[in-house]
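Hi,

Here is the structure I said I would pass on. Have a look at it first, and then read my notes below.

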Amino acid sequence: MYTVDLSGRNGIVFGVANRRSIAWAIADKLNQAGARMLFSYQGERLLGTLETLTSGFIDPVLVECDVTEDSQLDHVFDVARQEMGSLDFVVHSIAFAPKETFLEPFSNVSREDWKQTMDVSAYSLVAIGRRARELMNEGGSIITLTFLAAQRVVPGYNMMGIAKAALEASARFLAFELGPRGIRVNAISAGPLRTVAARSIPGFGTTASRASSVAMLRRNIQQQEVGGLALALISDELGGGITGETIYVDAGYHAMGMILNPDEEG
Ligand code: NAD
């Protein structure tokens with residue numbers, strides 16, 4: 001039987017809030033492959049959930065961090081250095097936009113909301129990548145999570161679409177700069193999944209059910225399907241030649257053009 005072996009590999013996972021988090025599905029796969037992880041969580045209230053979720057994992061390390069605070073990011077990487085010595089992978093699965101940005105017309109976005117959304121959802125990847133490169137002594141893999149609204153208009157997604165476009169471009173620029181060190185950087189563009197972050201987007205349920213009826217596979221994806229691709233991208237053996245890429249895990253939705261009557265096609 002073929003198995004992906006990440007035993008002896010160390011990484012940081014940003015963005016587990018609960019069992020539904022995409023970061024959790026990724027961490028679950030990485031744990032099964034034998035990797036050891038530091039989990040960075042936002043705020044004290046998430047610590048209990050993290051402790052429960054990671055019990056039974058290989059010597060997990062839990063560190064609180066708000067990614068808008070440089071000192072807290074420094075602390076995460078200091079702990080990683082002390083506990084793990086070096087890093088092989090980082091998972092960035094973080095986004096936030098103020099609620100009004102989803103409710104108001106896009107053209108009404110305030111300067112403050114623009115800055116905050118970009119800071120948490122796009123700049124954080126660069127801030128993390130810069131710190132990660134110093135601990136990736138033998139190459140590594142950095143993964144971020146994006147969405148189709150980076151490339152196409154998804155009504156209501158608004159400011160987060162702009163941030164995802166910046167995030168995808170940032171991943172490419174990082175991939176270029178870190179490539180000579182053997183560090184790969186890729187974005188996974190996931191289809192709609194019911195998570196805390198998704199619930200804050202008005203009309204998400206309708207969008208998700210429409211996506212499932214027109215996607216090539218005529219269904220939505222599941223968290224573990226994103227986890228599977230992340231595992232492949234982190235494994236040098238499987239994903240070693242892939243960098244600077246945005247890969248869709250969306251049941252083929254992104255490649256559809258004009259949709260006439262999906263129920264009668266194919
Ligand atoms: P989630 O709510 O489980 O995860 C979002 C995470 O971001 C949480 O853990 C939250 O604590 C963290 N976060 C927000 N602001 C932060 C800050 N200032 N500092 C540190 N952490 C912060 O939801 P999710 O759907 O798993 O989202 C993970 C990623 O996947 C996001 O980038 C999201 O845009 C992306 N994504 C989600 C979907 C979907 O449909 N759920 C689709 C495509 C992409």
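Predicted model: local features only at pLDDT ≥ 70, side-chain atom pairs only at ≥ 80, totals over all residues.

Now for the overall build. There are ten helices and seven strands in the protein. Its radius of gyration is 18 Å, close to the 18 Å that the globule rule gives for 266 residues, so the protein is as compact as a globular protein of that length. The C-alpha trace spans about 55 × 50 × 40 Å along its principal axes. As for burial, 50% of the 266 residues count as buried. If you take contacts between residues at least 6 apart in sequence, 75% of them join residues at least 24 apart.

On to the inside. The largest nonpolar core has 46 residues, and Ile12, Phe14, Leu38, Phe77, Leu87, Val90 and Ile142 have the most contacts inside it. Several elements supply at least two residues each to this core, including β1 (10-14), α3 (70-84) and β6 (183-190). The one that gives the most is α6, with eight residues.

Leaving out residues up to four places away in sequence, Phe77 touches Ile12, Phe14, Leu87, Ile128, Arg131, Ala132 and Leu135.

Last, the charges: the protein has 23 positive and 30 negative ones, and their mean positions are 4 Å apart.

Cheers

Definitions and conventions
Residues numbered from 1 in each chain as written. Heavy atoms only, no water. Helix = DSSP H or I, 4+ residues; strand = E, 2+ residues; numbered from the N terminus. Rg over C-alpha atoms; globule rule 2.2 N^0.38 Å. Buried < 20%, exposed > 50% of the residue type's maximum accessible area, 1.4 Å probe, protein only. Contact = heavy atoms within 4.5 Å. Lys, Arg positive; Asp, Glu negative; His and termini not counted. Charge placed at Lys NZ, Arg CZ, Asp CG, Glu CD. Core = buried A, V, L, I, M, F, W, Y, C linked by side-chain atoms within 4.5 Å.
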